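Reader: Could you take me through some features of a protein model, giving the general idea before each case?

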Amino acid sequence: MAYEVNLEHRSAKVELLNRVGNKVLLDIDGHKYDVDIAMVEKGVYSILYNGHSYNVELIEGDSSKKYIVNTFAKTFNVEIVDAESKYISSRSQGMAAEEENQVVSPMPGKVVKIPVKAGEEVTAGQTLIVVEAMKMQSEFKASHDKKVLEILVKEGDTVNAHQLMMKLE
Amino acid sequence: MIKKVLVANRGEIAVRVMRSCREMGIRSVAVFSDADRNSMHVRYADEAYNIGPAPSRESYLNIEAIIQAAKISGADAVHPGYGFLSENAAFATRCQDEGIIFVGPDPYAITTMGDKIIARQTMIAAGVPVVPGTTEKINDEQKALEIVNEIGLPVMIKASAGGGGKGMRLVKHIDELGSSFRRAKSEAMNAFGNDAVYIEKYIESPHHIEFQILADSLGNVVHLFERECSIQRRHQKVIEETPSPLMNPELRREMGETAVQAARAVNYKGAGTIEFIVSDDLKYYFLEMNTRLQVEHPVTERVVGVDLVKEQINIANGNPLPFRQEDLRQSGHSVQCRIYAEDPDNNFMPNPGLISHITEPHGLGLRCDGYVYEGYEIPIHYDPMITKLISWGETRTEAIARMKRALYEYKITGVKTNIKFLEKIMDTNDFKDGKYNTHFIEKNEAALHASRLCGTECEDMAIMAAFVDFLTKMERIQPPRYTDELGSNWKDFGRKRNVLRL
């Protein structure tokens, strides 16, 4: 069965043709790869291909299908798209617009200030929330003129990475 | 004789201090906040005491709690490390009052050097060159204007209580003077609770070069040469090296003597650092003195061959320095990179979190001073620095090549780090040629943020690893029904390949 694998903006068609132990035969966008691939340490893959040795590190994202992948040169967001994810994405058209209406903390930290209130009209560039981590404060600003719908955290709260903090209209 | 040292700090520096204690047969005592129960310094120490909640104000800056821990443990000395209480005269005084040795200078030296205006006055009196400017606190804009007319633009307005780049304003045009002056004052008030500011001439294309000094309680003072610290981002040092590529033997001797003079002016005792600002035409000026161990002290240790923490403890014991100035030499070259948990692609936003995997570099000529380990969660409350990598080589070229090798070997997953950013610095011509000043990162911005080339094959490797990992996970969830079918896989493979050839 062929899968779609999204790497940043590239969408690749990937099919497993054969797998015996570490020996894997794969087709990626029509190119056949006959490789020896082994997880040598937790989250670290060693790939031998055509005599070359590659090291790739994986960090699992917020679902089992999402990864942050480090190669020597670059870091990528990679997502495996299977039937289930296709179904979900077909049902949630307009996700992008929704993301714009959410304020999500990109890192763990502590909420130090929320200068707005629920129901308040805010203008583009206005500070919505200030999160502090490792002695540095980051301000999250409104991208457009919006209305604050709901604030899900309060000052002094600790937040996790990717935690939803505020909903906008 | 000191037999037990309480280290009033955390992270890599706490571990580093305890290492020297262990070598000297001195027992070490750790203190920790609620967020640091699992931290390395607690595991490394012989004894450990909780001193309060996670925020620094309530733990690592809580003088009362630390003194209590020292008393309970029976520590006869306190080593403050850097940051936190290391330059706090009240803490040093309190230790003295309790009969505990403070591993550092007397409160007098801390107070004098801690106030930039008093430090400037003291240095001028001692014949140490300072950046042209005022020696008094400036109260009104009229006075500020007079000063600027006298010394000429551009100028820097600085907070007397300042440090770390806070409360500093650069003025290039005369019409900015009023607003910058008012802003610097209010920033200083907010950050330090003291709105005293002064004005000094702004040195164009400055180099930050500092001198390590050691002074014993018998009046012997030596310097351990320079450290070049011009690679900075937002006034925070990123890479340090010694010897400085800018230095020549004559200037080194002269600046070293000046540094010793500066230390003598405050009856200094212990390890300290005199920071200078050096212009392109090699004129140098006193900037400030750090009355503690520096983050970048290992490059000096490596090149001069002196354990600075051991010497600090020797001095605190009242012993004379075991060497004279003429015994000290610089051998080879050393570079230090600070590894931060931050995201260079996202405006260097701090990135605390769980270390899921770590491989530290090893091998000839390398030192790795860190404190994180696999499964450790970096807390959100403290500094984002996780490791210092220090390389040494016979020549500068070798030390840089070795650092590149070390950065290549350093693997850490779970948190984002500036490792790739550091690798790019090593690759810039300005750095390789040793021709840089504090504007280096601004000047090389494009090269430092350019993404490296990852061709189709490299991308495919990323896809492959993620895909294989995903399939393996799926298999674990749904184990294959026919496990004895393995034998026919090669047949399938052959069939498939034949089909694909068509």
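Author: Let us begin with a loop of chain B in this predicted model: N347(B) sits between β15 (342–343) and β16 (349–350) of chain B, in the loop that joins these two strands.

Reader: What is phi of N347(B) near, and how should I read the value?

Author: The general idea is that most residues other than glycine have a negative phi. In this case phi of N347(B) is near 55°, which is a positive value in a residue other than glycine.

Reader: Is N347(B) buried or exposed?

Author: The way to decide is to count the other C-beta atoms within 10 Å, and a residue with 12 or fewer of them is called exposed. N347(B) has 8 other C-beta atoms within that distance, and therefore it is exposed.

Reader: Which loop holds E8(A), and what is its phi near?

Author: E8(A) lies in chain A, in the loop between β1 (2–7) and β2, and its phi, near 45°, is again positive although the residue is not glycine. Because E8(A) has 13 C-beta neighbours inside 10 Å, it counts as partly exposed.

Reader: Where are the cis peptide bonds that join L153(B) to P154(B) and T242(B) to P243(B) placed in chain B, as seen from the prolines?

Author: As a general idea, most peptide bonds are trans. Here a cis bond joins L153(B) and P154(B), with omega about -10°, and P154(B) is in the loop between α7 (141–151) and β6 (155–163) of chain B. Another cis bond joins T242(B) and P243(B), with omega about -5°, and P243(B) belongs to the loop between β11 (236–242) and α9 (249–265) of chain B.

Reader: How many helices and strands does chain A have, and why is chain A called more spread out than a compact globule?

Author: Chain A has 2 helices and 16 strands. Its radius of gyration is 21 Å, well over the 15 Å that the globule rule gives for 169 residues, and so chain A is more spread out than a compact globule. Its C-alpha atoms fill a box of roughly 60 × 40 × 20 Å along the principal axes, and buried residues make up 22% of its 169 residues.

Reader: How many residues of chain A are in contact with chain B?

Author: There are 50 residues of chain A in contact with 37 residues of chain B. Strand β2 (residues 10–20) gives the most to this side of chain A, with 7 residues, and the side as a whole divides into 35 nonpolar, 7 polar and 8 charged residues.

Technical notes:
Residues are numbered from 1 along each chain as its sequence is written. Chains are lettered from A and ligands numbered from 1 in the order in which they are written. This is a predicted model: local features need pLDDT of at least 70, side-chain atom pairs count only at pLDDT 80 or more; totals for chains, interfaces and linings use all residues. Helices (H or I, at least four residues) and strands (E, at least two) are DSSP runs, numbered from the N terminus. The radius of gyration is taken over C-alpha atoms; the globule rule is 2.2 Å times the number of residues to the power 0.38. A residue is buried if 20 or more other C-beta atoms lie within 10 Å of its own, exposed if 12 or fewer, and partly exposed in between; C-beta atoms are placed from the backbone. Two residues are in contact if their C-beta atoms, placed from the backbone, lie within 7 Å. Ala, Val, Leu, Ile, Met, Phe, Trp, Tyr, Cys and Pro count as nonpolar, Asp, Glu, Lys and Arg as charged, and the others, Gly among them, as polar.
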